[in-house]
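Visitor: Good afternoon. I have a protein model open and would like to go through it with you. Could you show it here?

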Amino acid sequence: MNHSISRDAGTARTPAGDQLPGALPDALRAELSAFRRDLHMHPELGNQEFRTTAALKERLERAGLRPRVLATGTGLICDIGTPAATADGRALAADPARPLLALRADIDALPIPDTKTVDYASTVPGRAHACGHDVHTAVVLGAGLVLAELARTGALPRPVRLIFQPAEEVLPGGAPDAIESGALEGVGRILAVHCDPRVDAGRIGLRVGAITSACDRLEVGLDGPGGHTARPHLTTDLVTAASRVALDVPALLSRRVDARAGLAVTWGRLASGHACNVIPQHAELSGTVRCLDLDAWRQAPDLVHAAIDEVATLHGAKSQITYVRGVPPVVNEPVTVQLLHSAMAARRGEGAIEDTEQSLGGEDFSWYLEHVPGAMARLGVHPPADTTRRDLHRGDFDVDEQAIRVGVELFTACALLDGDLPD
C-alpha cells in the first residue's frame, strides 16, 4: 500500500493562508509559551495530573467556556460552539447533524529526571515532560481559545471538542477512561499531533494508514529446582533457560508471523540468582511486544505464549506469563489525513509538509480511532539551526516553541476546513 500523501487538490478546499482566519495572536502565543513552561516545571505522572487539570480548567473558564473534568478526576473535555452541558454535567447536547471535531492532547509526564539546564527545568525530582505532552496541551488549549473567539462571531462552521487526556504513558493508556467518560459522544472526527524531534519546527509529517505500532507489556517467570553449580545435571538450569527464552522466543516468532507484520519481542530486564555457585530456583524476564500490523497484534498473545512455553519446556522450566494488553497501532484515516494536509498547506504551503514513516512507538490515541475516524500528525519540534538531536523519552529532550504556533494554526485551519468535508 502507498502511504504517501496525495498532492492533489484533495477533499477540502485550501484557501490562501492570509484568507483563512484563526491565526495565533502574538499575546496569546506568549501566554501559551509561558503556560507550557509552567507545565514543564511541574510535571505530573499519569492519573496524578491534578495541578495540570486545574490550570486548564481555570484558563478555559476564564475564556467563558465550560470544561468538564473527567470521571477519573484528572483530564477534562470542553466543547466550543455547542449548547451548554446539561445539569448533571455529563450529557453534552450536540446536534447530530453537526458532529463535533475533537482535538486531543495528552497531559501526563514521564518518571525520568530532567537533565536540561534551562530556567524552566522540572522542579519535581525524577519526573519530566520528556515526550512533549506539555506542547500538545498548549497546542490544544491555544486552538480552543482561538476557536472560541471565532465561535462568538459565528465563524466556526462545526462545533469542536477539546480533549485533555490523562495517563497516555500508562498502559493501556488513559484514552479508554476518557471514552468511558463520554469524550467521543457526538464526535464525528478526531485529530492529534505528536512532537517529533526528527522533523524541523515549522513542518509536520503525515502518513495514511498506520503511523505508530501496537505495544504490549510482557512479564515472564521461570521456576525449577535449583542447586549447586557443581551438579547442574541435578537441577533445572534457570539461568540457561532464561537466556534461551530471551534469545529463542524472538527468533521463533520471526518464523511464525509474516515478517511484514513487524512483530517483535524486545527484553528490557532479565534477573536471576544471587550467588556465583548457586543455580537459582527462579528467573524473571520483562519486555515489550511491538507490532506494525493490527491483525497480527490481535494474534500476538497466543503466539507469544506458545513460543515461551515451548522454549521453557525444552529446558525443563515451568513458565508463568503475564501478557498486558497495551495499545493497537494508530491507523490514520485517509480523509482526515487530507484535512490535515489541506490545513497545513493553507497555513504554510506544501513545502511545510513531509511524508513520515511508521514508528515502533505506541500511542493510546489509537483507542479513539476504534470508534471514530481520525488521524495524528507529527509536529516538528527540532530547532532548524541545531545540529544536536534530542530524542523522546530522554532527560535532555526539549522543543523549539515555534511548534506551538504551528500546531495551533494547524488545528484552527482544520476546524475551519472540516466544514467542507462530507459527514
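Visitor: Where does A167 lie?
Guide: A167 lies in the loop between β4 and α4. Please keep in mind that this is a predicted model.

Visitor: Is A167 buried or exposed?
Guide: A167 has a relative accessible area of 2%. Buried means under 20%, so A167 counts as buried.

Visitor: What about the phi of A167?
Guide: A167 has a positive phi of about 60°, although A167 is not a glycine.

Visitor: Which other residue has a positive phi without being a glycine?
Guide: N47 is one of them, with a phi of about 65°. N47 sits in the loop between α1, residues 26-41, and α2, residues 50-62. With a relative accessibility of 37%, N47 counts as partly exposed, whereas A167 is buried.

Visitor: Let us step back. How many helices and strands are there in the protein?
Guide: The protein contains nine helices and 16 strands.

Visitor: And how far does the C-alpha trace span?
Guide: Along the principal axes, the C-alpha trace spans about 85 × 50 × 45 Å.

Visitor: What does the radius of gyration say about that?
Guide: The protein has a radius of gyration of 24 Å. A compact globule with 423 residues would have a value near 22 Å, so the two agree.

Visitor: What share of the residues is buried?
Guide: Buried residues account for 53% of the 423 residues. The accessible surface comes to about 17400 Å², and carbon and sulfur atoms hold 53% of that surface.

Visitor: Which residues have the most contacts inside the largest nonpolar core?
Guide: They are L60, L103, L162 and F164, and the core has 69 residues. F164 touches L56, L60, L70, G75, L76, A105, I107, T137, V140 and L141, leaving out residues up to four places away in sequence. Apart from that core lies another one of 54 residues, among them A178, C215, I308 and I321.

Visitor: Why would nonpolar side chains gather like that?
Guide: In soluble globular proteins, nonpolar side chains tend to be buried together.

Visitor: Now a strand. Where is the place of A102?
Guide: A102 is in strand β3, which covers residues 100-106. A102 has a relative accessible area of 0%, so A102 is buried.

Visitor: Which residues is A102 in contact with?
Guide: Beyond the neighbours within four places in sequence, A102 is in contact with R161, I163, V187, R189, I190 and L191.

Visitor: How far is A102 from T356?
Guide: Their C-alpha atoms are 23 Å apart in space, and the two residues are 254 apart in sequence.

Visitor: And where is T356 found?
Guide: T356 is found in the loop between β15, residues 353-355, and α8, residues 366-369. T356 is buried, with a relative accessible area of 11%. Leaving aside neighbours within four places, T356 is in contact with D196, R198, G205, L206, R207, I211 and R378. The C-alpha atoms of T356 and R378 are separated by 7.8 Å, while the two residues are 22 apart along the chain.

Visitor: What share of contacts join residues at least 24 apart?
Guide: Among contacts between residues at least 6 apart in sequence, the share is 81%.

Visitor: Another loop, then. Is A71 buried or exposed?
Guide: A71 counts as exposed, because its relative accessibility is 73%. A71 is in the loop between β1, residues 68-69, and β2, residues 76-80.

Notes:
Residues numbered from 1 in each chain as written. Predicted model: local features only at pLDDT ≥ 70, side-chain atom pairs only at ≥ 80, totals over all residues. Heavy atoms only, no water. Helix = DSSP H or I, 4+ residues; strand = E, 2+ residues; numbered from the N terminus. Rg over C-alpha atoms; globule rule 2.2 N^0.38 Å. Buried < 20%, exposed > 50% of the residue type's maximum accessible area, 1.4 Å probe, protein only. Contact = heavy atoms within 4.5 Å. Areas by Shrake-Rupley, 256 points an atom, 1.4 Å probe, with all protein chains shown as cover. Core = buried A, V, L, I, M, F, W, Y, C linked by side-chain atoms within 4.5 Å.
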